[in-house]
Amino acid sequence: PRGAASQNTPKYDDDAGARNVASHRSPPSTNDTARGCPMAAQMLKLEPQSAILEEALGARLIDGKREPCEVSCADFDDALFKLVVLPGQESVLTLHAKLPCYETLLEHGGARCLETTFAGLVTQPEQGYDVALSVNADECAAPTETLRKLARIKRHLVGAPFEAAFEALVNGTARDLPVARLPWRRGESAYIVAGNDPASRDSWDRVTVIFAVDFREETDKAYARVFLQQFQERARALGGAPPCVFSEGSRPPREIQSVGAEAPTIAGYVSFVIFRSHVATPQKLEKTCDLLVGFRNYVHFHIKAAKTNMHMRMRRKVASWIQVVNRAVLTSDKPREMKTAGGKTFTRK
């Protein structure tokens with residue numbers, strides 16, 4: 001789960017993290033509908049960056065902390081991170097990351113992301129990690145921007161295939177896009193497919209993003225089906241939002257049948273059709289990528305929240321029943337004694 005972290009400091013002082021977190025923590029997200037991204041309306045948005053990395057990196061890039069440390073943490077989708085600051089090189093920060101389907105990400109825009117977004121920062125990763133970034137805090141000219149990039153390393157690399165597809169859509173070159181399949185969870189994949197209007201086969205005016213969603217427990221699968229069906233209905237009521245379609249696991253969308261679907265026993269597929277208007281500006285494109293990268297975790301979060309809410313309601317109902325039982329009075333089989341207005345006892349015959 002997000003937030004699981006450990007700090008291994010066998011040789012030097014313990015790293016207490018960032019002490020003045022508020023000074024460099026990213027501000028909370030606002031209503032995305034007002035910023036031109038209707039798909040985010042009414043969504044509880046999980047931030048794309050790792051809060052643990054943001055605190056540890058911010059303490060050194062922004063607050064000027066210079067202490068050796070080794071901070072390891074985990075994030076959603078089996079992502080692992082490790083920040084290393086060696087003794088004698090307290091100003092050099094090295095961030096190692098292990099990401100899902102890393103080789104596939106490199107094929108579909110990840111390599112370009114490393115060359116552009118993280119130009120000059122890429123270094124050799126430790127064993128067990130896929131990529132490493134290194135920065136000298138004393139020589140960093142733009143610490144705030146560097147902090148944001150490093151804390152969002154997963155968002156940048158996992159979102160690279162989405163950005164590449166949407167940029168091709170805006171530039172009118174979506175026809176040349178290959179079908180991208182990103183297997184970022186066991187038994188689950190994300191598909192990015194360029195498409196056209198059936199009435200105008202040369203238009204190539206859309207990109208369809210399809211998520212295969214599954215859970216290990218049958219109860220969670222049932223929750224997911226209901227949630228995604230309601231998500232589809234809710235999306236229809238939002239003007240200008242990307243069309244959303246839910247498909248059962250046994251009936252995968254036709255767009256992915258050529259590249260191979262997941263097992264028919266999964267919870268289902270949810271498809272978003274992104275048009276040029278949804279990514280026409282850099283701000284819209286970035287926000288759309290943020291939401292798509294975090295969509296699977298958003299579904300997982302709300303299923304757990306729904307189960308928690310149901311359990312709370314069940315406990316409240318049981319408590320009310322216990323109160324009723326406690327207030328109940330046992331009745332006797334003997335006939336009730338009856339008295340007159342004067343207090344005399346009598347027996348009805």
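How many salt bridges does the structure hold? The structure holds 20 of them. A salt bridge here is a side-chain nitrogen of Lys or Arg within 4 Å of a carboxyl oxygen of Asp or Glu.

1. Basis of the note. This is a predicted model, in which local features need pLDDT of at least 70 and side-chain atom pairs count only at pLDDT 80 or more, while totals for chains, interfaces and linings use all residues. Residues are numbered from 1 along each chain as its sequence is written, and side-chain values use heavy atoms, with hydrogens and water left out.

2. D77 and K154. These two residues form a salt bridge, and their closest N and O atoms are 3.0 Å apart. D77 sits in the loop between β2 and β3 and K154 in helix α4 (residues 153-158), so the pair ties together parts that are 77 residues apart in sequence. Helices (H or I, at least four residues) and strands (E, at least two) are DSSP runs, numbered from the N terminus. D77 counts as buried at 6% relative accessibility, and K154 is buried with a relative accessible area of 7%. Buried means under 20% relative accessible area, exposed over 50%, and partly exposed in between, with a 1.4 Å probe and protein chains only.

3. R148 and E286. In this salt bridge the closest N and O atoms are 3.0 Å apart. R148 belongs to helix α3 (residues 143-151) and E286 to helix α7 (residues 282-293), so the pair links distant parts of the chain, 138 residues apart. R148 is partly exposed at 43% relative accessibility, and E286 is partly exposed at 29%.

4. A network. E163 forms a salt bridge with R155, with 3.1 Å between the closest N and O atoms. R155 counts as buried, at 2% relative accessibility. Through salt bridges that share partners, R148, R152, R155, E163, E286 and D290 are joined into one network.

5. Nonpolar cores. A nonpolar core is a set of buried Ala, Val, Leu, Ile, Met, Phe, Trp, Tyr and Cys residues joined through side-chain atoms within 4.5 Å. The largest one has 39 residues, and F162, F166, V209, F211, V270, F272 and F295 have the most contacts inside it. Helix α6 (residues 218-236) gives the most to this core, with 5 residues. A second, separate core has 30 residues, among them L83, L114, A137 and L157.

6. Two residues and their contacts. Contact means heavy atoms within 4.5 Å. Neighbours within four places in sequence aside, F166 is in contact with V207, V209, I274, V279, L285, T288, C289 and L292. T208 is found in strand β9 (residues 206-213) and counts as buried at 5% relative accessibility. Not counting residues up to four places away in sequence, T208 touches Y191, I192, V193, S271, F272 and V273.

7. The largest pocket. On a 1 Å grid over the protein atoms alone, a pocket is an open set of points where a 1.4 Å probe fits, with protein on both sides within 12 Å along at least five of seven lines; lining residues have an atom within 4 Å of a point. The largest pocket holds about 610 Å³ of space. Its lining has 21 residues, and D78, R185, R216, R296 and H300 lie nearest the centre. Helix α8 gives the largest share of this lining, 3 residues.

Definitions and conventions
Points joined across faces, edges and corners; volume = space filled by probe spheres on them.
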